[in-house]
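I opened a new page for this structure today. My plan is to look things up one by one and write down what I find.

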Amino acid sequence: MSKRDYYEVLGVTKTASLDEIKKSFRSQARKLHPDNKDSGDEKAFKELAEAYEALSDPQKRELYDKYGHEGLNASGASSGFDNFNFQDLAGFGFEDIIEAFLGGNFRQGFGRRGGPEQGSHLKYNLEIEFLEAIFGTTKKINIDRLEDCPKCEGTGASPGTKPIPCATCNGVGQVQQVVNSWFGQSIQIIACPKCNGNGSIIEKPCPECKGTTLIKTKKEFEVNVPPGVQSGFKLRLTAGGNKGRKGGPYGDLYILLHVKEHELFNRDGDTIHIEQNIGFSMAALGGEMLVPTIEGDAKINIPAGIQSGTVIVLKDKGAIKLSNTQKRGDQLVHIIVKTPEKLSAEEKKLFEQLAILRKENLNLSDKDRDMVKSNSKKKNNNIQHPDNSKEESSFFEKIVDVFKHKSDE
Ligand SMILES: [Zn+2]
Ligand SMILES: [Zn+2]
């Protein structure tokens, strides 16, 4: 892909003055900066930054005017911003970044080392009740996070003393280093080894934070859990994490939700399932009953002749939808017809009468029994009698059985 002309990118003429170039860069950079929510465009911003870097430097501009992009590439003067990571600049307003460009010290490690850094993010596991996840809740949580040390007010120096500027780097935090490369000698900027890029040296560290400027502090937060959340959902509390060093902003706090199970309700998205047992009589005769919902009991009608496994739908009695809190899922009632396990003498009598009325034979007649006997004698090899099959059919007989079945087909 061919690169766009730098003058075109900046929207200036070939004879533009440095002031005109700066002015044009400033107005376009504001528009294109990735932090600009309306018109930010990281790719276009990088292109703009590269063009500005080349044309704002008289030597580079001369090379570019004479030989174009090739001239800059060959001299190693342009490395582009393709691999530039804007995350490294977290904590800086984009006005700061633009001003750093205009001041010509962008590449010189602006904000990368030694400057304020955003604090790290923190994670917190929050367990909530089943119904809290459905209706939402407010929880107070306590976390340990790093904050500016109150003793030294975040300077890291013992109270009454101050960090002194580093003599090696003159307080800049960076030093120049001459490196020999294919293009000849070039100057590279590295973090100052004396002060580790801090730009200052603490002679007497603060006894509280040991010079780290930060100290572990308990902090209480009130967390608003919105309705409709589920296990595994993450809530982000902006600036709830650790404080950044040297006045850098706080990181964020991520709250990972764990929803406890409920003894009656089972949730699948915004659908709630329950199992409801009913007796034989209810199943046969039908009727009305109350079933639990997340908002108390609700009446359902059981139709006469219902089968076990039938599902009755309670419209809009399910969980609140996270995407639209005005809408609700459904509750599904899974009907289970329970066979009575113990019968009183009177119940037994009634069931026996019922069996007679419904012509349900509970026992085989003598004639049926005879038939079973003669069948088992005739087809002894084919019918596995539940009572004696284990003793009678040897391993060999079973193999014979299989062959017989195959030839029968
Ligand atoms: Zn301190
Ligand atoms: Zn230094």
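**Entry on the metal.** I note that this is a predicted model. Which residues coordinate the zinc ion (ligand 2)? I found Cys166, Cys169, Cys192 and Cys195, each through its SG atom. The distances run from 2.2 to 2.3 Å. Next I checked the spacing of these donors along the chain, and I read C-x2-C-x22-C-x2-C. Then I looked at the angles among the four donor atoms, which are 102 to 117 degrees. The site is tetrahedral. For reference, the ideal angle for four tetrahedral donors is 109.5 degrees. Are Cys166 and Cys169 buried or exposed? I found both Cys166 and Cys169 buried.

**Entry on the sheet.** I traced an open sheet of three strands, in the order β1-β9-β8. Its pairing is mixed. β1 (122-128) and β8 (234-237) each have a single partner strand, so one side of each has no neighbour in the sheet. From one strand to the next, the twist averages 25 degrees. I then looked at β8 and β9 (residues 253-259), which pair in the antiparallel sense over four bridges. I looked up Arg236 as well: its bridge partner in β9 is Tyr254.

Notes: Residues numbered from 1 in each chain as written. Chains lettered and ligands numbered in written order. Predicted model: local features only at pLDDT ≥ 70, side-chain atom pairs only at ≥ 80, totals over all residues. Heavy atoms only, no water. Donors = N, O, S within 2.8 Å, 3.2 Å for Na, K, Ca; no water. Tetrahedral: all angles 85-135°; square planar, octahedral: opposite > 155°, others 65-115°. Buried < 20%, exposed > 50% of the residue type's maximum accessible area, 1.4 Å probe, protein only. Pairing = 2+ DSSP bridges. Helix = DSSP H or I, 4+ residues; strand = E, 2+ residues; numbered from the N terminus. Axes fitted to C-alpha atoms, helices over the stretch in contact; angles between N-to-C directions.
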